[in-house]
Amino acid sequence: MTKQTSDALVVGHIGAVYGVKGWLKIQSFTENPEDIFDYTPWTLQGNAARQTTEEVVNVVQWRRHNNGLIAQLEGINDRELAATKTGLSICINAEKLPELADDEFYWRDLIGLRVVNMQGYDMGVVEQIMPTAANDVLVVTANSNDAFGKSERLIPFVQSQYVLDVDNEKQQIQVDWPADF
């Protein structure tokens, strides 16, 4: 996986149809699930009815339902039309995201960065980030000729302890982590 260069950011997914009036179940990827509605209008992308689609939609209304979210999109007032939207990704322009403090990062900004330890050993590239109860973990795909025979490393994203510096300009993360671990 390479560093994301597009301004389109997937923040959720359209699930199943809910009811007969065109409501849809919404799966949110935002930290607080309800925050997905702060980023409208949405661009829906994906394969619907076996055709690649991309369209901008507005949310008319939304609400919590059981442990999830449901929403009604502008112009969708029946179950059949709503069914054509299921399975699509909900995307926004990354410029809509709030600015972060200097020591905070969006996951999308870390994916694709090279990881180097304090001894200068190139440990590989951040492939993904895995959330855990304690902290996020960098999943680093090692170089194909890794001297320690590693194919992957899991490095806790704990700043000042394991993650010493994130340099977006150099496309590099410096870590205090042994190369053989």
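## The main nonpolar core

A nonpolar core is a set of buried Ala, Val, Leu, Ile, Met, Phe, Trp, Tyr and Cys residues joined through side-chain atoms within 4.5 Å. With that in hand, let's look at this structure, which is a predicted model. Its largest nonpolar core holds 22 residues, and those with the most contacts inside it are Ile26, Ile36, Phe37, Trp42, Leu44, Leu73 and Ile90. At least two residues of this core come from each of strands S1 (8-18), S2 (23-28), S3 (42-48), S6 (68-73) and S7 (89-93). S1 gives the largest share, with four residues. In soluble globular proteins, nonpolar side chains tend to be buried together.

## Strand S1 and its partners

S1 pairs with two of the strands named above. With S7 the pairing is antiparallel and runs over five bridges, and here Val10 stands opposite Cys91 in S7. With S2 the pairing is again antiparallel, over five bridges, and Ile14 stands opposite Ile26 in S2.

## The six-stranded sheet

Now for the later part of the chain. Six strands form an open sheet there, in the order S11-S10-S9-S8-S13-S12, with mixed pairing. Which strands stand at the edges? They are S11 (152-156) and S12 (163-167); each has a single partner strand, so one side of each is left without a neighbour in the sheet. From one strand to the next, the twist averages 35°.

S9 (residues 122-130) and S10 (residues 137-141) run antiparallel and are joined by five bridges, and the two form a hairpin with six residues between them. Two facing pairs can be picked out along this pairing: Val126 stands opposite Val140 in S10, and Met130 stands opposite Val137 in S10. S10 also pairs with S11 in the antiparallel sense, over five bridges, where Val139 has Leu154 of S11 as its bridge partner. Is S10 mostly enclosed or open? Four of its five residues are buried, so S10 is largely enclosed by the rest of the structure.

## Aromatic rings

A pair of aromatic rings is described by the distance of the centres and the angle of the planes. The model has six aromatic pairs, counting rings whose centres lie within 6.5 Å. One of them is Tyr121 with Phe148: the ring centres are 5.6 Å apart and the planes stand at 70°, so the pair is edge-to-face, a class that needs over 60 degrees. This pair links distant parts of the chain, 27 residues apart, with Tyr121 in the loop between S8 (114-117) and S9, and Phe148 in the loop between S10 and S11. Tyr121 is partly exposed, with a relative accessible area of 23%, and Phe148 is partly exposed at 43%.

Another pair is Tyr162 with Trp177. Their ring centres are 5.1 Å apart and their planes are at 90°, so this pair is edge-to-face. It also links distant parts of the chain: Tyr162 is in the loop between S11 and S12, Trp177 is in the segment after S13 (172-175), and 15 residues separate them. How do the two partners sit, buried or partly exposed? Tyr162 is partly exposed, with a relative accessible area of 24%, whereas Trp177 counts as buried at 10%, because buried means under 20%.

Elsewhere, Phe37, Trp42 and Trp62 form one aromatic cluster. Finally, have a look at Trp23: Arg63 lies over the face of its ring, at 4.6 Å from the ring centre.

Key
Residues are numbered from 1 along each chain as its sequence is written. This is a predicted model: local features need pLDDT of at least 70, side-chain atom pairs count only at pLDDT 80 or more; totals for chains, interfaces and linings use all residues. Side-chain values use heavy atoms; hydrogens and water are left out. Buried means under 20% relative accessible area, exposed over 50%, partly exposed in between (1.4 Å probe, protein chains only). Two strands pair if DSSP finds at least two bridges between them. Axes are lines fitted to C-alpha atoms, for helices over the stretch in contact, and angles run from 0 to 180 degrees between N-to-C directions. Rings of Phe, Tyr and Trp (its six-membered ring) pair if their centres lie within 6.5 Å; planes under 30 degrees apart count as stacked, over 60 as edge-to-face and the rest as tilted. A charge sits over a ring if NZ of Lys or CZ of Arg is within 6 Å of the ring centre and within 35 degrees of the ring normal.
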